[in-house]
Amino acid sequence: ATQDGVPFTHSSNLTSALHAAMERFASTGPFDRLTQLSAWVRSRLRAAGYTIIAPDAHAAPAVITTALPRTISSVSVGSALEEAGYFISYLSSYFLRRNWIQISLMSEYPREILESMLGLLDRMCSRK
């Protein structure tokens, strides 16, 4: 305390992990890929007739929120996607009141996985 320092030893594992993460994102490459993938998902959803909540100019690229028609339950869609191994956000009271679902691109996803998830979403919503 008298030296105005940290009163404990920092974890070298956490410090190394932080350093590795900072090195990985030192270039804009990962962010550019995320922005491109987000634009592709958004255009795919719009082409299928979904309403994207946030305008692209104001949206975070990693988060895509869409409104489902009132005739389609966001809970049934979210549950079915979850059973198929795709975890989206849909259970918050805020989303439930609005019948919204949210796709988060917070990790690296190959386009093929997202294409499969979007195909399943289309099949579920077109059957109802």
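In which sense do β1 and strand β2 pair, and over how many bridges? β1 and β2 (residues 63-67) pair in the antiparallel sense, over two bridges. Two strands count as paired if DSSP finds at least two bridges between them. Helices (H or I, at least four residues) and strands (E, at least two) are DSSP runs, numbered from the N terminus.

The model is predicted: local features need pLDDT of at least 70, side-chain atom pairs count only at pLDDT 80 or more, and totals for chains, interfaces and linings use all residues. Residues are numbered from 1 along each chain as its sequence is written, and side-chain values use heavy atoms, with hydrogens and water left out.

The sheet is open and has three strands, in the order β1-β2-β3. Its pairing is antiparallel. β1 (51-52) and β3 (100-104) stand at the edges, each with a single partner strand, so one side of each is left without a neighbour in the sheet. Strands of a sheet pair through backbone hydrogen bonds, either parallel or antiparallel. I52 stands opposite T66 in β2. β2 and β3 pair over five bridges, again in the antiparallel sense. Here T65 has Q102 of β3 as its bridge partner. β2 is mostly covered, with four of its five residues buried. Buried means under 20% relative accessible area, exposed over 50%, and partly exposed in between (1.4 Å probe, protein chains only).

Helix α1 spans residues 12-24 and has 13 residues. From its first C-alpha to its last it reaches 18 Å, close to the 18 Å expected at 1.5 Å a residue. The expected span is 1.5 Å times one less than the number of residues in the helix. Of the 13 residues of α1, the number buried is zero, so the helix lies largely in the open.

Helix α2 (residues 29-47) lies across β1, β2 and β3. It runs at about 10 degrees to β2. Axes are lines fitted to C-alpha atoms, for helices over the stretch in contact, and angles run from 0 to 180 degrees between N-to-C directions. Contact means heavy atoms within 4.5 Å. α2 has 19 residues and reaches 27 Å from its first C-alpha to its last, close to the 27 Å expected. Its buried residues include L37, W40, V41, R44 and L45. An α-helix has 3.6 residues a turn, so residues three or four places apart point the same way. Just after α2, G49 takes a positive phi of about 95 degrees.

R44 touches E115, L118, G119 and D122, not counting residues up to four places away in sequence.

The structure holds three aromatic pairs. The rings of Y94 and F95 have their centres 6.3 Å apart and their planes at 50 degrees, so the pair is tilted. F95 and W100 also form a tilted pair, at 6.3 Å centre to centre and 50 degrees between the planes. Rings of Phe, Tyr and Trp (its six-membered ring) pair if their centres lie within 6.5 Å; planes under 30 degrees apart count as stacked, over 60 as edge-to-face and the rest as tilted. Y94, F95 and W100 form one aromatic cluster. Y94 is partly exposed at 39% relative accessibility. F95 is buried at 10%, and W100 is buried at 14%.

W100 is found in strand β3. It touches I53, T65, T66, A67, S74, Y90, Y94 and F95, not counting residues up to four places away in sequence. The C-alpha atoms of W100 and A60 are separated by 17 Å, with the two residues 40 apart along the chain. N99 lies in the loop between α4 (93-98) and β3. Its phi is near 60 degrees, a positive value in a residue other than glycine. N99 is buried, at 7% relative accessibility.
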